Amino acid sequence: MSKSKSSESVKVVVRCRPMNEKEQAAAFECVVSVDVKFGQISVRNPREASAGELPKVFTFDSVYDCNSKQLDLYDETFRPLVDSVLQGFNGTIFAYGQTGTGKTYTMEGVRNDPERRGVIPNSFDHIFTHISRSQNQQYLVRASYLEIYQEEIRDLLSKDQSRRLELRERPDTGVYVKDLSSFVTKSVREIENVMNVGNQNRSVGSTNMNEHSSRSHAIFVITVECSELGVDGENHIRVGKLNLVDLAGSERQTKTGAQGERLKEATKINLSLSALGNVISALVDGRSSHIPYRDSKLTRLLQDSLGGNARTVMVANIGPASYNVEETLTTLRYSNRAKNIKNKPRVNEDPKDALLRKFQEEIAKLKVQLEKRTGRKNKRRHKRRAGDCSNGDGRDEESEDDDEEEEENKGDYWREQQEKLEKEKKAIMEDHSLVAEEKAQLLKEKEKKMADLKKEQEAGDMLSAKVKAMESKLLVGGKNIVDHTNEQQKMLQLKRQEIAEQKRREREMQQQMECQDEETLELKETYSSLQQEVDIKTKKLKKLFAKLQAVKAEIQDIQEAHINERQELEQTQNELTRDLKLKHLIIEDFIPFQEKNKIVNRAFFDDEDEYWKMRPITHIEDDHQMMSRPQSAIGFRRPLCNHARVAMKDGPDLRYKAENILLLGMDMPSQTTKDYQRPDIAPKVAAALEDVLKNEDDLQVDASGFNSSFAPLASASGSIRKQKSARPRTGKQSNTWTSSFGVHNPASPIYPQCRGLVPK
Ligand code: ADP
Ligand code: MG
């Protein structure tokens, strides 16, 4: 059940930090001017100012200059939000901005210094003070702390820091982190401890804390559950959840030359932030029905805070120095868009997963158990007492005031019992009429009784300790009235201050409105002379022209920013495409086609986790190897032979526990080589070869036509012949060639004609 409320905008405030020492030393120009009264920030771009352009002006719900105090920010901006969380609304505070502009300072601040403590420690105080002042309400406060780094969620309070958590969604409660630990905290000190542990884990998990924190998002979650008796006489629980988010630095990450891990990091670092920007744009646009919450872990987790069931404050942190002007303008534009997001906050009443309800039920159950125990004790006691006054007269009397007595003597009961047993033991020892054996038997019995008694006592103690521990986790207020009156006075004072501040703001707003009214009145004025009209209208025109120029410049800036962003995305896309092509090359050229198909058939995309996963091999219907498994495997984890099945039916025989039928058919790899094929030989070459390889007996050389100058050649040919005969001859080859080609080839002048042996 939830109370519907009308929609309200995301509140955006801007905070400009003071110049730091380095900036002062380098004498950087201050380009940001903050008008706290009108909630305006104007930024002068030195490059554009020289070209005659006007400063850029942005208006926000509130703006804070470099002299702003942490407590001012808290009282004016965050206190109302935390108050509504205490009433059962969801609330979110984002800190957005470039690294080093004061996000962590705004969220955490300097915790040991009350003046410089940030929103998170101030909210701890606020929540627990509120609880201590409450009347007739029961509270349960718990805290979780997580970090999103490179699109992976880490539980900062868990012992196992290597574990990555998954996001899940439930129709009733929405998106949540599965297995995220949360700690019930009973005081400011306890919740501070939780935060310290988380911060330690955050820094331990990284080699360079600054670097890491500028690239990761940290979310501290406080859940406040409150149980109160409603007008219907039933207990109702309201649950408010406060998300305190310190976002990653919004500066552009340079990606040039990034590869492998670094490329992955570069593409993922700002993914959440650009997804956040896209979500904001889509929400503000109003035309797009699809809001890309699912594009990143951050936007999915904080889905409710953006356009959903939550009150949201966004703090945009900026620096004043000139060298940061581009980033400052980007931050301001980004936050300017967020102003127009409409949320629909409502009180979360009686949700199914309220821990407080579970605690109350558990305590009630334990109390019943404890009562049962006490009941048993009572019965025994009655019996004992009835036995004592065997004449029967005193029994009723005793039963009447037994309840009161029971309450009073709860602790005495065990002692009494113990003393009694001791006494009985002693009496047995001293009784000389008993035989030694009998004595030993009786003593043994008594000792057993004493041991039982002790066990029972321990169990009872444990149970009541458990009840106490659980009850102590539920916080109730109204304990120290004197303190409260003091604090209430202090609070009242604060409230008065707040009201005064509010009034001052109202007055200023009215002044602003009056100013605007004057302007419109001027338009309606009638003019006494034509010249006057021309003058006034020229003035107006000039003003409007300046405005037009400012808007034009703004449009150009936005276009430039878009182009930059597009170029960056294209670069990332190109790098990823290159990476993909390499993977393709490897898969296509080095992974056998069938293997690839097998993997492709098994793989499926898990929308929930947004990862490709492999189906377990047994679930593939069309896998031939699986289909050829014997029928004997059906209904069993493994194939079993019939004998084993029968034996198993008779009783759980270990002998057959692991009996398998092995599948011995081999999964043959496909052939990756070719059979040898004889090359095609050109007829000329074949003829030549045929000639050369011809059987020596068939060879007739007539050297009569050669003159003496050829003699050495003839002897050389003789030697060649010798060599030829030494060559191994494959019958097959020589046969084929002899049969297919003629030896006498008149067309070939190189070879001498064969005319039998040379005559002497
Ligand atoms: P971020 O978390 O945005 O990277 P930090 O919160 O770490 O930036 O701030 C950087 C430095 O500037 C810190 O030393 C911090 O103390 C200082 N600083 C930031 N904002 C303010 C401020 N409003 N007043 C004084 N010091 C500030
Ligand atoms: Mg930081």
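What percentage of the 760 residues of the protein chain count as buried? The answer is 33%, where buried means under 20% relative accessible area, exposed means over 50%, and partly exposed lies in between (1.4 Å probe, protein chains only).

This is a predicted model, in which local features need pLDDT of at least 70 and side-chain atom pairs count only at pLDDT 80 or more, while totals for chains, interfaces and linings use all residues. Residues are numbered from 1 along each chain as its sequence is written, chains are lettered from A and ligands numbered from 1 in the order in which they are written, and side-chain values use heavy atoms, with hydrogens and water left out.

## The chain as a whole

The protein chain contains 24 helices and 21 strands. Both are DSSP runs numbered from the N terminus: helices are H or I with at least four residues, and strands are E with at least two. Among contacts in the chain with a separation of 6 or more, 71% are between residues 24 or more positions apart; a contact means heavy atoms within 4.5 Å.

The accessible surface of the chain is about 48500 Å², and carbon and sulfur atoms hold 53% of it. Such areas come from the Shrake-Rupley method with a 1.4 Å probe, and for residues only the protein chains shown count as cover.

One nonpolar patch on the surface is formed by Leu582, Leu585, Ile586, Ile587, Phe590 and Ile591, which together have about 540 Å² of accessible area. Patches are made of residues with over 30% relative accessible area and no salt bridge; like charges are joined within 9 Å, and nonpolar side chains (Val, Leu, Ile, Met, Phe, Trp, Tyr) within 5 Å. Leu585 lies in helix α18, which covers residues 530-590. Leu585 counts as partly exposed because its relative accessible area is 45%.

## Ligand 1

The residues around ligand 1 are Arg15, Arg17, Pro18, Gln98, Thr99, Gly100, Thr101, Gly102, Lys103, Thr104 and Tyr105; a residue is near a molecule if one of its heavy atoms lies within 4 Å of it. Helix α4 (residues 103-107) supplies the largest share of this shell, three residues.

A backbone N or O atom of Thr101 is 3.3 Å from an oxygen atom of ligand 1, and for Gly102 the corresponding distance is 3.2 Å. A polar backbone atom of Tyr105 lies 2.7 Å from an oxygen atom of ligand 1. Ligand 1 taken alone exposes 550 Å², and the protein buries 65% of that.

## Two single residues

Asp83 is in helix α3 (residues 70-86) and counts as partly exposed at 21% relative accessibility. Neighbours within four places in sequence aside, Asp83 contacts His126 and Lys495. The side chains of Asp83 and His126 are joined by a polar contact of 3.0 Å.

Strand β14 covers residues 217-229.

## Salt bridges

Side chains of opposite charge can pair when their charged atoms come close. Here a salt bridge is a side-chain nitrogen of Lys or Arg within 4 Å of a carboxyl oxygen of Asp or Glu. The structure holds 27 salt bridges, among them these:

| Pair | Closest N and O atoms |
|---|---|
| Asp557 and Lys56 | 3.0 Å |
| Glu228 and Arg238 | 2.8 Å |
| Glu554 and Arg333 | 3.1 Å |

Glu554 is in helix α18 and Arg333 in helix α11 (residues 325-338), and the pair links parts of the chain 221 residues apart. Arg333 is buried, with a relative accessible area of 15%. Asp557 and Lys56 are both buried. Lys56, Arg333, Glu554 and Asp557 are linked in a network of salt bridges.

Glu228 is partly exposed at 28% relative accessible area, whereas Arg238 counts as buried at 18%.

Terms used. A polar contact is a pair of N or O atoms within 3.5 Å; within protein, one must be able to donate a hydrogen and the other to accept it, and residues adjacent in sequence count only if both atoms are side-chain atoms.
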